[in-house]
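Subject: Structure handover

Hello,

Here is the structure for you to look over. My notes follow below it.

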Amino acid sequence: MKNSSASLLSAVGFALLSLVAAPAQVNAAGATPKTRPQRQGEAYTFNLRFLGSVDAGRARLAIAPPVQQGDLSVIQIVAEAEALGLAKAISGLHEHYRLVLDAATLLPRSIQLEESGWRVRTAKITLDGKTVDLAITRPQGEQRAKVAMPSEPLDPLAALLLLRAMRLHDGDKLDLIVLDGSAFYQGTMEVVAHEELTTPNGPQKAIKILCRGERIANGGHKIGKPPRFGMVWVSDDAARIPLRIEGDTELGKAEFVLTSFEPGRRPLPIPKKVVGVTERRQESAPKNPPTAAVETATATVQKSSEPPASGTATSN
């Protein structure tokens, strides 16, 4: 499978930023510099590293507070990712990502993706409940598809934001369908620990979540591809800030680390009813953590470049 820094980024849940404004540099604890006014919405920056030390890219993300768009209240997200250093020389990667969410449910309504560098393509995706329309354009032409899934698909960013509505006790599991680019996955997120995480801004209490995804086709049918794994740490508070994401790629272990976060003046609404995610709660704390699953957590969080299964327009 071929992979890139932006591919891995979107695979676990972040897409990218700076089209609206560069965020103020603040620490993950939320201390905002007094020299700058607080922005309306949330802003994040991330670094990508390989093998624990090699800087390979950066990503920025801005989330605007809800605005009225016709009869619908929506949340707009604008993001950007780019390769740095040797990775930039090799791939020339630059990716823009625009996402519109239904403010009441945090379900995706539309996604626009533009990639340049070693892979050139644009994607326009429209979602209406369980139905998804995809249009993927490459230099050799355009592909279109319309698919229906057994539950409402979420992009990785929407899935991360919906963690704010979940309990997230050890052993809790979340079942969902994830749309990664133009590929669909039957996903499971399992809380494996509450622990202290070392971050660029000092130690922070975090929730450790194991992510697993199996590739599916139109209608939700599994196509027999090996599952993909990743590990996500979010802050152990109501904000559930993504602090770290890691997984293995063909280039080695990759890590996305939060370097700054600004909460914004207007907090995002938390859905009163969660749609698209099935929560399976662990009623009593497990005596032994799912160590076998945890050991495979860094097994591949990379996008596949193989042709999509029936009902998808392209692969990632």
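Which residues form one aromatic cluster? They are Tyr44, Phe46 and Phe261. Before the details, please note that this is a predicted model.

**Confidence**

The mean pLDDT of the protein is 79. Of the residues, 72% score at least 70. Strand S16 (residues 277–280) has the highest mean pLDDT among the elements, at 97. Helix H1 (residues 5–12) has the lowest, at 37. Over residues 1–35, pLDDT stays under 50. The model still has 121 contacts beyond four places in sequence for that stretch. Residues 289–316 also stay under 50, with 102 such contacts.

**Aromatic pairs**

The whole structure holds 2 aromatic pairs. Tyrosine 44 and phenylalanine 46 are stacked, with centres 6.1 Å apart and 10 degrees between the planes. Tyrosine 44 counts as buried because its relative accessibility is 2%. Phenylalanine 46 is also buried, with a relative accessible area of 2%. The pair of tyrosine 44 and phenylalanine 261 is tilted: 4.8 Å centre to centre, 45 degrees between the planes. Tyrosine 44 sits in strand S1 (residues 42–50) and phenylalanine 261 in strand S15 (residues 252–262), so this pair ties together parts 217 residues apart in sequence. Phenylalanine 261 is buried, as is tyrosine 44.

**Nonpolar core**

In soluble globular proteins, nonpolar side chains tend to be buried together. Here the largest nonpolar core has 68 residues. Ile77, Phe184 and Ile209 have the most contacts inside it. Leaving aside residues up to four places away in sequence, isoleucine 209 touches several residues, including Leu163, Leu168, Met189, Val191, Val192, Met231, Val232 and Val234. Glu190 and Gly230 are also among its contacts.

**Salt bridges**

Side chains of opposite charge can pair when their charged atoms come close. The structure holds 12 salt bridges. Three of them are worth a look on screen.

- Arginine 167 pairs with aspartate 172, and their closest N and O atoms are 2.8 Å apart. Aspartate 172 has 1% relative accessibility, so it counts as buried.
- Aspartate 180 and arginine 228 meet at 3.3 Å, N to O. Aspartate 180 lies in strand S10 (residues 173–180) and arginine 228 in strand S13, so the bridge ties together parts 48 residues apart in sequence. Aspartate 180 is buried, with a relative accessible area of 1%. Arginine 228 counts as buried at 9% relative accessibility.
- Glutamate 214 and arginine 212 meet at 2.9 Å, N to O. Glutamate 214 counts as buried at 17% relative accessibility, while arginine 212 counts as partly exposed at 35%. Shared partners join Arg212, Glu214 and Lys222 into one network of salt bridges.

**Serine 235**

Is serine 235 buried or exposed? It counts as buried because its relative accessibility is 0%, and the cut-off for buried is under 20%. Serine 235 lies in strand S13 (residues 228–235). A polar atom of its side chain lies 2.7 Å from the backbone nitrogen of isoleucine 241. The backbone nitrogen of arginine 240 lies 3.4 Å from a polar atom of the serine 235 side chain. Both Arg240 and Ile241 are listed among the contacts of serine 235, along with Gln204, Lys205, Ala206, Ile207 and Leu243. That list leaves out residues up to four places away in sequence.

Best regards

Conventions
Residues are numbered from 1 along each chain as its sequence is written. This is a predicted model: local features need pLDDT of at least 70, side-chain atom pairs count only at pLDDT 80 or more; totals for chains, interfaces and linings use all residues. Side-chain values use heavy atoms; hydrogens and water are left out. Helices (H or I, at least four residues) and strands (E, at least two) are DSSP runs, numbered from the N terminus. Buried means under 20% relative accessible area, exposed over 50%, partly exposed in between (1.4 Å probe, protein chains only). A polar contact is a pair of N or O atoms within 3.5 Å; within protein, one must be able to donate a hydrogen and the other to accept it, and residues adjacent in sequence count only if both atoms are side-chain atoms. Contact means heavy atoms within 4.5 Å. pLDDT is the predictor's confidence in each residue, from 0 to 100. A nonpolar core is a set of buried Ala, Val, Leu, Ile, Met, Phe, Trp, Tyr and Cys residues joined through side-chain atoms within 4.5 Å. A salt bridge is a side-chain nitrogen of Lys or Arg within 4 Å of a carboxyl oxygen of Asp or Glu. Rings of Phe, Tyr and Trp (its six-membered ring) pair if their centres lie within 6.5 Å; planes under 30 degrees apart count as stacked, over 60 as edge-to-face and the rest as tilted.
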